[in-house]
Amino acid sequence: MTRLMSIEGSAVPLPIDNLDTDQIMPKQFLRIIDKAGLADGLLYDLRFDEHGAPRADCVLNQPGYANARILIGGANFGCGSSREHAVWGLQQYGFQVVIAPSFAEIFYSNAMNNRLLLVQLERAVIDTLLRDAIEAPGTELSIDLERQTVTSASGQQFAYPIGARHKRMVIEGMDTVDLTLACVADIEAFEREHFARHPWAQVI
């Protein structure tokens with residue numbers, strides 16, 4: 001896959017703490033045999049009323065935030081069940097990045113394994129980015145994946161932490177299987193050395 005070195009785009013403010021995966025992708029949208037169509041279910045109960053009509057007060061239904069690629073969320077984003085559909089739905093809707101003060105552990109792994117970048121920043125920084133996005137819909141952010149920085153519209157830069165493995169996976173478009181395959185030569189060398197020392201353990 002093409003190396004992904006940077007992401008630029010406008011941001012949607014969604015400052016809801018403890019937004020769980022049941023809200024991100026409601027259960028009625030899990031009755032599928034593939035990943036298609038999950039964008040329709042993303043945050044459905046926030047976006048639509050009981051009659052299926054768009055809620056005017058939902059930020060995702062407001063023209064100023066159309067085609068946003070970055071979602072700014074609240075603390076403990078993605079808690080609840082381990083459904084990977086929540087990640088797929090966010091991606092199908094167009095989001096490439098979620099920025100939040102903290103993430104649920106399983107959601108974090110699911111997202112990174114699917115090349116959805118999760119950026120964790122201090123609450124004070126999040127508040128600044130949220131304020132910019134609310135006051136000026138369409139305000140763009142720039143994320144440098146190699147340098148691990150988020151640059152606001154005003155030029156402020158904020159560094160974010162990410163493990164070397166997940167960083168490589170996002171930049172190079174790898175999943176855990178790809179990571180294993182990249183180490184085949186090392187695995188085979190280990191096997192040869194191991195069985196040379198312990199020939200009795202080798203299955204013939």
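The model used here is predicted.

**Exercise 1**

Classify the arrangement of helix H3 (residues 85-93) and helix H4 (residues 105-113) from the angle at which their axes cross.

Solution. Two packed helices are described by the angle and the distance between their axes. The axes of H3 and H4 come within 9 Å and cross at roughly 50°. The two helices are therefore oblique to each other. The handedness of this crossing is right-handed. On the H3 side, the contact is made by Ala86, Val87 and Leu90; H4 contributes Phe107, Asn110 and Ala111. Sorted by type, these residues are five nonpolar, one polar and no charged.

**Exercise 2**

Compare the reach of helix H5 (residues 123-135) with its expected span, then state which of its residues are buried and what covers them.

Solution. H5 has 13 residues. From first C-alpha to last it reaches 18 Å, close to the 18 Å expected at 1.5 Å a residue. Its buried residues are Val125, Ile126, Thr128, Leu129, Leu130 and Ala133. Their cover includes strands E1 (6-14), E2 (70-73), E3 (97-100), E5 (140-144) and E7 (157-159).

**Exercise 3**

Is Ser10 buried or exposed?

Solution. Ser10 is found in strand E1. Buried means under 20% relative accessible area. Ser10 has a relative accessible area of 10%, so Ser10 is buried. Leaving aside neighbours within four places in sequence, Ser10 is in contact with Ala66, Asn67, Ala68, Arg69, Ile70, Gly138, Thr139 and Glu140.

Note on methods:
Residues numbered from 1 in each chain as written. Predicted model: local features only at pLDDT ≥ 70, side-chain atom pairs only at ≥ 80, totals over all residues. Heavy atoms only, no water. Axes fitted to C-alpha atoms, helices over the stretch in contact; angles between N-to-C directions. Helix = DSSP H or I, 4+ residues; strand = E, 2+ residues; numbered from the N terminus. Parallel < 35°, antiparallel > 145°, perpendicular 65-115°, else oblique. Left-handed = near helix turned anticlockwise from the far one by under 90°. Contact = heavy atoms within 4.5 Å. Nonpolar A, V, L, I, M, F, W, Y, C, P; charged D, E, K, R; others polar. Expected span 1.5 Å × (residues − 1). Buried < 20%, exposed > 50% of the residue type's maximum accessible area, 1.4 Å probe, protein only.
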